[in-house]
Amino acid sequence: MEKVQLTPQLLRELQLKQLDMIVYFRDFCEKNSLRFYLIGGGLIGALRNGGFVPWDDDIDVIMPREDYNRLPQIWREKHADGRFRLLKTDDEMFTGNIFITITDTNYTMVKTNQVDVDIPHGLVLDVFPLDVCPDNRFARKMQFVWTMLYSLFLAQIVPENHGGLMGFGSRVLLGIIRGKKLRNKIWRACEKKMTQYKLSENKCVTELCAGPYWMKREYPKHIYEGVDYVTFEGIRLPCMSGYDEYLRSVFGDYMQLPPEDKRKPHHDIAYLDLNTPCAEYDNRRKKNGSSNK
């Protein structure tokens with residue numbers, strides 16, 4: 001599939017159009033006492049560039065699991081869906097993601113892995129849960145197992161870059177267990193298992209829904225015990241008080257630029273239109289079957 005080539009000008013336009021979404025999300029969380037933190041490239045960009053890293057194409061945030069679980073319910077109660085939609089796979093919707101996204105429907109962006117997914121294809125803010133690691137090493141290994149099964153049956157695809165035995169096993173499981181209701185029952189049971197640990201009883205936290213690499217990382221919980229603030233493109237956003245320890249543990253000297261071959265957007269985009277609401281694309285797609293143009 002041909003991918004959208006982001007010129008510096010188009011990438012910058014994409015970046016700036018995402019700012020309304022993070023402001024809306026920040027204000028919603030503040031009004032409803034929900035905690036979240038800017039993470040990853042967005043946090044590095046705030047500290048090093050005062051905003052987006054020049055080659056970054058999105059913003060990621062993380063919420064403590066308790067707040068993350070409350071977010072969809074409060075969003076519905078406050079009738080917050082409008083221009084900005086909260087998308088989460090459940091009994092009524094399939095998104096292809098294992099985490100929540102907030103979508104700005106004023107624009108159109110289709111990721112290559114979601115071309116055939118029936119959702120509003122707007123610009124997205126990825127919202128990840130922050131989970132607790134069990135101190136016990138065997139329990140931690142089992143948490144990996146529950147998380148991989150959760151990811152497999154929720155996303156319903158074999159994880160990227162997983163060949164060999166894991167890829168084969170994933171394909172076998174999806175081939176055997178095809179029913180939607182049973183798949184939903186499995187991922188909900190796995191989610192309950194993998195998130196059962198309490199912060200008060202364990203030492204570390206982790207990012208179970210950010211992918212296989214990230215779920216293996218552990219951070220001492222004191223990193224998230226307080227809140228600091230950074231300025232991102234002129235917007236005040238919260239981050240964890242231990243942001244320096246967090247970033248150094250993951251990226252090393254994060255104030256130094258990475259090698260040039262690493263300075264590129266990390267999402268594959270199949271279609272992008274920053275002048276048209278995604279409803280027009282979605283309606284056209286339904287009329288034309290699975291075509292994405």
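How do the residues in the lining of the second largest cavity divide by class into nonpolar, polar and charged? The lining of this cavity has 6 nonpolar, 2 polar and 2 charged residues. Here Ala, Val, Leu, Ile, Met, Phe, Trp, Tyr, Cys and Pro count as nonpolar, Asp, Glu, Lys and Arg as charged, and the others, Gly among them, as polar.

The structure is a predicted model, in which local features need pLDDT of at least 70 and side-chain atom pairs count only at pLDDT 80 or more, while totals for chains, interfaces and linings use all residues. Residues are numbered from 1 along each chain as its sequence is written, and side-chain values use heavy atoms, with hydrogens and water left out.

Now for the spaces themselves. On a 1 Å grid over the protein atoms alone, a cavity is a set of points where a 1.4 Å probe fits but cannot get out, whereas a pocket is an open set with protein on both sides within 12 Å along at least five of seven lines; a lining residue has an atom within 4 Å of a point. Grid points are joined across faces, edges and corners, and a volume is the space filled by probe spheres set on the points.

The count comes to 2 cavities of 30 Å³ or more. The largest cavity holds about 80 Å³ of space. It has 13 lining residues, and Gln114, Ile119, Pro120, Gly122 and Val124 sit closest to its centre. Two or more residues of this lining come from each of β4 (100-104) and β5 (108-111), and β5 gives the largest share, with 3 residues. Strands (E, at least two residues) and helices (H or I, at least four) are DSSP runs, numbered from the N terminus. By class, the lining of the largest cavity splits into 6 nonpolar, 6 polar and 1 charged.

The second largest cavity, the one from the opening question, has a volume of about 50 Å³. Among the residues lining it are Tyr68, Lys88, Phe99, Trp187 and Glu191. Helices α5 (137-155) and α7 (180-194) each supply at least two residues of its lining.

On to an open space: the second largest pocket contains about 360 Å³. Of its 18 lining residues, Pro64, Arg65, Leu130, Val132 and Leu199 are the closest to the centre. α4 (65-77) and β6 (123-133) each bring at least two residues to the lining, with β6 giving the most, 3 residues. The lining of this pocket has 9 nonpolar, 2 polar and 7 charged residues.

Next come the charged pairs. Side chains of opposite charge can pair when their charged atoms come close. With a salt bridge taken as a side-chain nitrogen of Lys or Arg within 4 Å of a carboxyl oxygen of Asp or Glu, the count comes to 14. In one of them, Asp131 meets Arg65 at 2.7 Å, N to O. This pair ties together distant parts of the chain, since Asp131 lies in strand β6 and Arg65 in helix α4, 66 residues apart. Both Asp131 and Arg65 are buried, that is, under 20% relative accessible area, against over 50% for exposed and in between for partly exposed (1.4 Å probe, protein chains only).

Asp91 also forms a salt bridge, with Arg188, at 3.2 Å between the closest N and O atoms. This pair is 97 residues apart, with Asp91 in the loop between β3 (84-87) and β4 and Arg188 in helix α7. Asp91 counts as partly exposed because its relative accessible area is 47%, and Arg188 is partly exposed at 34%. Finally, Asp20, Arg83 and Asp104 are joined in a network of salt bridges.
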